Amino acid sequence: MKSSQQRPPKTSLMMGLGGLLASQAVRSWMATLDCRGVFYDRSVDPAAGFGGSPRIYVFWHEYILLPLAMRGHCHLAMLLSQHRDADILARVAYHMGFDCVRGSTYRGGARAIWSMFERSRQQHLTITPDGPRGPRRRLAQGPVYLASRLQLPLVVMGLGFDRPWRVNSWDRFAIPKPFSRARAVVGPPMHLPPDLDRAGLEESRQRVERLLNCLTAEAEAWAAAGTRKLGEVPIRPQIAAPPQPAPQLPAIGDQQRPARAA
């Protein structure tokens with residue numbers, strides 16, 4: 001089956017080579033981890049191949065290494081910023097099996113939303129809703145808006161490592177220690193009402209943010225404790241069949257765009 005993954009824009013030879021080498025390093029590093037997860041609904045795992053509707057996955061930016069390593073080639077399109085420091089990440093994501101849409105609240109936001117809209121017809125969408133500049137663990141309205149307008153389920157993923165190294169960055173980016181534990185607590189699909197107004201968007205944004213912080217705290221505590229959970233499953237890299245095309249999606253009206261996108 002031919003992949004729908006698209007090549008990223010051309011970059012310098014050194015950038016391309018750097019992305020390839022970095023992706024191999026990430027893959028090898030993350031392969032040493034004991035990675036386990038629990039799912040409120042097992043069918044939402046993009047590697048499971050269940051269901052016929054694309055979904056929108058959200059998790060905090062600091063834990064992006066875990067889904068990159070474990071869910072490449074699962075027909076996911078990831079939103080990344082247009083900042084130069086995201087160029088290498090885009091190349092790494094491509095080599096690990098992700099499509100990338102470049103844009104953010106600050107640069108290219110409207111174009112990125114439209115591109116995500118088109119991708120949602122054949123791919124799942126993945127958004128780190130506190131990127132690219134933060135504030136840390138503060139959810140932007142973008143994924144809530146897309147979930148409402150496109151009527152796609154929103155899946156919240158709480159991720160955690162066992163006492164990882166932290167980078168001195170706005171998100172305190174997490175680097176897991178070799179042979180340590182990684183844990184994921186994945187919530188059920190959330191179906192938001194269509195055509196949410198600004199008040200509804202903010203109410204839903206706060207609800208999703210609270211859930212994401214709650215599941216992240218649970219995953220971090222689980223990783224640190226090393227205990228067992230009922231229903232836990234090992235998480236390993238997998239390749240998934242593509243999701244079925246989404247049904248006819250509603251148009252996005254300019255007048256209904258949120259003040260702040262992902």
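Tyr 57 lies in strand E2 (residues 56-58), where strands are DSSP runs of E with at least two residues and helices are DSSP runs of H or I with at least four, both numbered from the N terminus. The structure is a predicted model, in which local features need pLDDT of at least 70, side-chain atom pairs count only at pLDDT 80 or more, and totals for chains, interfaces and linings use all residues. Residues are numbered from 1 along each chain as its sequence is written, and side-chain values use heavy atoms, with hydrogens and water left out.

**Overall**
- The protein has six helices and ten strands.
- Of its 262 residues, 54% count as buried, meaning under 20% relative accessible area (1.4 Å probe, protein chains only).
- The accessible surface comes to about 12,200 Å², of which 56% belongs to carbon and sulfur atoms; areas come from the Shrake-Rupley method with a 1.4 Å probe, and for residues only the protein chains shown count as cover.
- Among contacts (heavy atoms within 4.5 Å) between residues at least 6 apart in sequence, 80% join residues at least 24 apart.

**Tyr 57**
- Tyr 57 is buried, with a relative accessible area of 2%.
- Not counting residues up to four places away in sequence, Tyr 57 touches Val 44, Asp 45, Pro 46, Leu 76, His 124, Leu 125, Thr 126, Ile 127, Val 155 and Met 157.
- The C-alpha atoms of Tyr 57 and Ile 127 are separated by 6.3 Å, although the two are 70 residues apart along the chain.
- The side chains of Tyr 57 and Arg 55 are joined by a polar contact of 2.8 Å, that is, a pair of N or O atoms within 3.5 Å, one able to donate a hydrogen and the other to accept it within protein, with residues adjacent in sequence counting only if both atoms are side-chain atoms.

**Nonpolar cores**
- A nonpolar core is a set of buried Ala, Val, Leu, Ile, Met, Phe, Trp, Tyr and Cys residues joined through side-chain atoms within 4.5 Å.
- The largest has 39 residues, and those with the most contacts inside it are Met 30, Ile 64, Leu 66, Leu 68 and Phe 161.
- Elements giving two or more residues to this core include helix H1 (13-30), helix H2 (65-70) and strand E6 (154-161); H2 gives the most, with five residues.
- Apart from this core lies another, of 31 residues, among them Val 38, Leu 79, Met 116 and Ile 127.

**Ser 23**
- Ser 23 is placed in helix H1 and is buried, with a relative accessible area of 0%.
- Leaving out residues up to four places away in sequence, Ser 23 touches Val 92, His 95 and Met 96.

How values were computed
Buried means under 20% relative accessible area, exposed over 50%, partly exposed in between (1.4 Å probe, protein chains only).
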